[in-house]
Amino acid sequence: MEILEAYDLTGSYRAAAELAGCDHHTVARYVKMRAAGQHPDQRRHRARAIDDYLPKIEELVVRSQGRIRADVVHKRIAAMGFTGGERTTRRTVAEAKTQFRAGRRRVYRPWVTEPGLWVQYDFGDGPVIKGRKTTLFCAWVAWSRFRVVIPIWDKTLPTITACLDATFRRIGGVPAYVLTDNEKTVTIDHVAGIAVRNPEIVEVARHYGTTIRTCLPADPETKGGSESTVKIAKADLVPRDVNLREQYKTFGELEAACRTFCDEVNSRTHKATRRKPIERLAEERQRLHPLPRRPFTAAFGTTRRVTWESTISVDAVRYSVPHELIDTRVWARFHGDELIVTAVEENGSAREVARHHRGQPGSPVLDDTHYPPREDKEADRTPRATSAEEAAFLQLGPGAASWLIEAGAAGVRRIKAKMAEAVALSKLYSVAEVDRALGTAAVTARFAEKDLLSILDYQAVHEHAEPIRRSEDHSLQPGTSAWSSFGAAATTASNISEYDESDQL
């Protein structure tokens with residue numbers, strides 16, 4: 001532009017060249033290009049050594065659908081006689097691929113969504129909990145951009161039904177269409193390019209008053225909204241180095257994290273709509289169909305009544321469920337070697353409440369987390385005075401309490417009389433000495449009439465506060481040294497008897 005401006009000012013090639021600092025031939029060339037209506041940056045094509053191989057390069061790019069590598073192309077044309085460098089080949093292959101894609105690029109029309117029309121869902125790989133892999137059910141309301149993420153253990157039809165029911169109840173209504181991928185729970189076959197629906201999912205959709213639609217096979221771009229939801233959920237919920245999230249210890253922690261994630265993303269301003277999804281959802285609820293009061297429970301299995309023991313019976317085996325469900329009705333079904341128990345809450349939403357391995361008749365399958373914490377039963381073994389005599393004895397100290405517990409377990413006779421004797425001895429000896437003697441008696445199981453007095457006398461003479469315990473090397477069993485003369489005595493007696501018999505003869 002400086003060259004052309006200098007020419008317009010002077011009207012001379014050489015004068016404009018002096019002002020612009022270039023050759024006058026350059027000024028003449030740019031002036032002629034402007035006069036011919038050409039772009040000043042356009043350059044004349046110069047013949048290159050690779051031009052003779054352009055047809056072959058284009059053929060290879062078309063045959064590979066634009067996926068062939070430049071180094072493979074360079075080897076092919078080098079075998080045909082090309083002597084140029086690999087850099088030239090790479091530049092030429094890049095140009096050929098750009099032209100190839102330009103003629104075959106998919107053009108998308110923006111999807112203008114309507115309130116209450118579409119809900120999409122897809123699945124993503126969740127974190128591993130206790131060596132078992134989880135899955136993230138990710139739903140996305142197209143118009144309001146409201147997201148729902150629910151962790152699940154499997155992708156069976158009853159689980160998907162429960163997730164759909166939870167999604168509908170969380171958004172407060174049912175949309176006209178539900179868009180998803182071609183999972184076996186939705187599409188069982190394709191005939192002449194037409195998707196054949198799973199009859200069971202059709203019954204589920206009919207119950208809620210919606211229609212199940214599927215995207216094109218192997219074409220995630222037709223449901224890009226749910227794809228983005230899965231990507232965002234995995235980036236935030238799955239423990240990785242980029243988010244520094246700790247590993248989940250229980251499935252409940254993952255459920256709480258998913259609920260927190262949904263609250264965060266639905267409460268912040270969306271970059272496309274410049275509004276919060278939860279605010280737009282309040283407007284979209286006016287266009288959603290009303291929810292049925294009861295979920296579609298036919299897919300959850302058979303009904304069972306929870307007993308007062310917080311268990312249900314399936315095939316003569318008792319399985320535990322959370323104690324909050326006592327005297328309610330739940331649904332149980334087998335999936336492989338696992339029993340899955342589903343409950344319907346008061347608001348009508350269905351959720352999985354228990355999962356057990358298949359048991360055997362006569363052996364209940366119980367989960368300690370399904371029961372409230374047990375009370376400390378050790379408090380029942382602590383002596384509590386019910387009379388003045390008992391209070392006086394227990395006031396001696398912890399040794400007295402230990403003596404009473406051990407004496408009761410040993411079935412000692414006249415316990416009350418011996419307790420009164422200990423109280424009387426505490427007036428002759430110190431209370432600490434009597435309490436120590438009672439503790440020693442409890443440890444050594446000495447509950448006879450004079451044992452307590454004997455221990456007190458021993459403690460008064462000796463300095464040992466604790467009873468002396470013999471080692472394993474010492475034995476209280478009497479020895480056999482007295483048997484050493486038994487053989488000689490028997491031999492003598494035998495000789496005497498023989499002598500007497502011979503005398504008589």
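**Cores, strand pairs and enclosed spaces in a predicted model**

Isoleucine 68 counts as buried because its relative accessibility is 14%, where buried means under 20% relative accessible area, exposed over 50% and partly exposed in between (1.4 Å probe, protein chains only). The model is predicted, so local features need pLDDT of at least 70 and side-chain atom pairs count only at pLDDT 80 or more, while totals for chains, interfaces and linings use all residues. Residues are numbered from 1 along each chain as its sequence is written, and side-chain values use heavy atoms, with hydrogens and water left out.

Isoleucine 68 sits in the loop between helix 4 (54-63) and helix 5 (70-79). Helices (H or I, at least four residues) and strands (E, at least two) are DSSP runs, numbered from the N terminus. Leaving aside neighbours within four places in sequence, isoleucine 68 is in contact with Leu60, Val61, Val73 and Lys97; contact means heavy atoms within 4.5 Å. Isoleucine 57 lies 11 residues from isoleucine 68 in sequence, and the C-alpha to C-alpha distance between the two is 10.0 Å.

The chain as a whole holds 17 helices and 13 strands. Of its 505 residues, 37% count as buried. Among contacts in the chain with a separation of 6 or more, 56% join residues 24 or more positions apart.

The largest nonpolar core has 29 residues. A nonpolar core is a set of buried Ala, Val, Leu, Ile, Met, Phe, Trp, Tyr and Cys residues joined through side-chain atoms within 4.5 Å. Tyr121, Phe137, Ile150, Leu164, Phe168 and Ile171 touch the most other members. Two or more core residues come from each of strand 1 (118-129), strand 2 (132-141), strand 3 (147-152), helix 7 (157-171) and helix 8 (199-208). Helix 7 gives the largest share, seven residues. Phenylalanine 168 touches Gly173, Val174, Pro175, Val178, Tyr208 and Leu291, not counting residues up to four places away in sequence. A second, separate core has 19 residues, including Leu396, Ala400, Leu425 and Ile455. In soluble globular proteins, nonpolar side chains tend to be buried together.

Strand 2 pairs with both strand 1 and strand 3. Two strands pair if DSSP finds at least two bridges between them. Nine bridges join strand 1 to strand 2 in the antiparallel sense. Tyrosine 121 stands opposite alanine 139 of strand 2 in this pairing. Two residues separate the strands in the hairpin of strand 1 and strand 2, where lysine 130 has a positive phi near 55°. Strand 2 and strand 3 also run antiparallel, over six bridges. Here threonine 135 faces isoleucine 152 in strand 3. The hairpin of strand 2 and strand 3 has five residues between the strands, and arginine 145 takes a positive phi near 65°. Strand 2 is mostly covered, with eight of its 10 residues buried.

Another antiparallel pair consists of strand 5 (residues 187-191) and strand 6 (residues 194-197), with four bridges. Valine 191 stands opposite isoleucine 194 in strand 6. These two strands form a hairpin with two residues between them, and alanine 192 in the turn has a positive phi of about 55°.

A cavity is a set of points where a 1.4 Å probe fits but cannot get out; a pocket is an open set with protein on both sides within 12 Å along at least five of seven lines; lining residues have an atom within 4 Å of a point. Grid points are joined across faces, edges and corners, and a volume is the space filled by probe spheres set on the points.

The largest pocket holds about 1,400 Å³ of space. It is lined by 45 residues, with Trp153, Phe251, Glu255, Glu352 and Val353 the closest to its centre. Strand 13 gives the largest share of this lining, eight residues. By class, the pocket lining has 20 nonpolar, 11 polar and 14 charged residues. Ala, Val, Leu, Ile, Met, Phe, Trp, Tyr, Cys and Pro count as nonpolar, Asp, Glu, Lys and Arg as charged, and the others, Gly among them, as polar.

One cavity of 30 Å³ or more was counted. The largest cavity holds about 110 Å³. Its lining has 14 residues, of which Trp403, Lys418, Leu438, Ala448 and Leu452 lie nearest the centre.
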